[in-house]
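Dear colleague,

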Amino acid sequence: MNLELQRKLFSIVRKPAKYKEHPSIILPDALKPIEIERLFFSENTYHVLELGCGWGEFALEWINRFPEHEYIAMEVKADRIKKILKKIDKKNIKNLKIIPINFQWFFEEIMPENSFDFVIINFPDPWPKRRHWKHRLIQKPFLEVLYRILRNHGMVYIATDYGPYARKILSLFRKSPLYLPVVPWPNYLRKRPAIFPESKFEVITSKTNQPYYTLWKKV
Ligand SMILES: C[S@@+](CC[C@H](N)C(=O)[O-])C[C@H]1O[C@@H](n2cnc3c(N)ncnc32)[C@H](O)[C@@H]1O
């Protein structure tokens with residue numbers, strides 16, 4: 001994406017809105033990595049990033065299970081973000097913060113390197129039509145970006161209910177020299193490991209589909 005377009009999109013992100021003033025919202029100030037102190041209270045905590053957190057059920061249950069972790073969730077839809085903020089207020093949660101922006105726009109530019117221990121991607125939009133594949137989140141360059149933002153021994157967890165996307169994701173990770181599988185061959189599970197919460201989308205889709213779950217660690 002050219003710089004001019006990125007700047008335009010960045011001004012959309014910076015457009016004032018009441019919910020963006022919430023203390024749990026992190027808005028980048030510029031097209032450069034967000035300062036680590038704005039993301040986390042401590043360098044020494046376990047740092048989790050979720051992309052496309054939807055209504056936040058997974059995130060909220062995660063910090064309920066692992067209250068010592070610090071969790072950053074990215075989501076683009078304002079109504080979903082506002083719902084999460086209400087729950088954050090109700091439960092007085094401090095260790096869940098939200099970056100309310102489209103991660104397709106300038107993810108690489110704003111994410112600080114070597115910062116996350118665990119990246120979660122629950123049911124990314126599958127874009128089934130070939131002409132839309134370019135919109136898919138998980139592509140080869142994205143694996144490289146993830147690698148850079150992960151800390152040593154960092155891991156990536158992905159769930160999808162769409163078989164062709166699952167096969168593509170597995171093929172990308174298997175071919176990549178940057179990751180090793182955490183799950184033995186064929187590197188996916190058809191049942192969610194119990195340690196992970198269930199997401200809202202998963203509850204809906206699991207009634208008719210059996211999702212794929214995969215887990216990879218940084219080399
Ligand atoms: C299929 S839903 C899954 C929601 C949630 N992960 C779950 O499993 O319940 C995909 C989510 O990703 C968000 N999303 C999709 N593309 C995005 C983007 N480019 N930037 C930020 N969020 C995005 C959507 O708004 C939506 O909430």
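Is K83 buried, partly exposed or exposed? In this predicted model, K83 is partly exposed, because its relative accessible area is 47%, which falls between the 20% limit for buried and the 50% limit for exposed residues. K83 lies in helix α4, and together with K82, K86 and K200 it forms a positive surface patch. Helix α4, which spans residues 78–91, gives the largest share of that patch, namely 3 residues.

Turning to charge pairs, the structure holds 9 salt bridges. One of them joins the side chains of R65 and E61, with an N to O distance of 2.9 Å; both residues lie in helix α3 (residues 57–65), 4 residues apart, or about one turn of the helix. R65 is partly exposed at 36% relative accessible area, and E61 is partly exposed at 29%.

A salt bridge also joins the side chains of R148 and E108, at 2.4 Å from N to O. This pair links distant parts of the chain, since R148 belongs to helix α6 (residues 140–149) and E108 to helix α5 (residues 103–110), 40 residues apart.

In the salt bridge between E202 and R192, the closest N and O atoms are 2.7 Å apart. E202 lies in helix α8 (residues 200–205) and R192 in the loop between β6 (179–181) and α8, so the pair ties together parts that are 10 residues apart in sequence. E202 is buried, with a relative accessible area of 1%, whereas R192 is partly exposed at 23%.

With best regards

Conventions: Residues are numbered from 1 along each chain as its sequence is written. This is a predicted model: local features need pLDDT of at least 70, side-chain atom pairs count only at pLDDT 80 or more; totals for chains, interfaces and linings use all residues. Side-chain values use heavy atoms; hydrogens and water are left out. Patches are made of residues with over 30% relative accessible area and no salt bridge: like charges are joined within 9 Å, nonpolar side chains (Val, Leu, Ile, Met, Phe, Trp, Tyr) within 5 Å. Accessible areas come from the Shrake-Rupley method with a 1.4 Å probe; for residues, only the protein chains shown count as cover. A salt bridge is a side-chain nitrogen of Lys or Arg within 4 Å of a carboxyl oxygen of Asp or Glu. Lys and Arg count as positive and Asp and Glu as negative; His and the chain ends are not counted. The place of a charge is taken as NZ of Lys, CZ of Arg, CG of Asp or CD of Glu. Helices (H or I, at least four residues) and strands (E, at least two) are DSSP runs, numbered from the N terminus. Buried means under 20% relative accessible area, exposed over 50%, partly exposed in between (1.4 Å probe, protein chains only).
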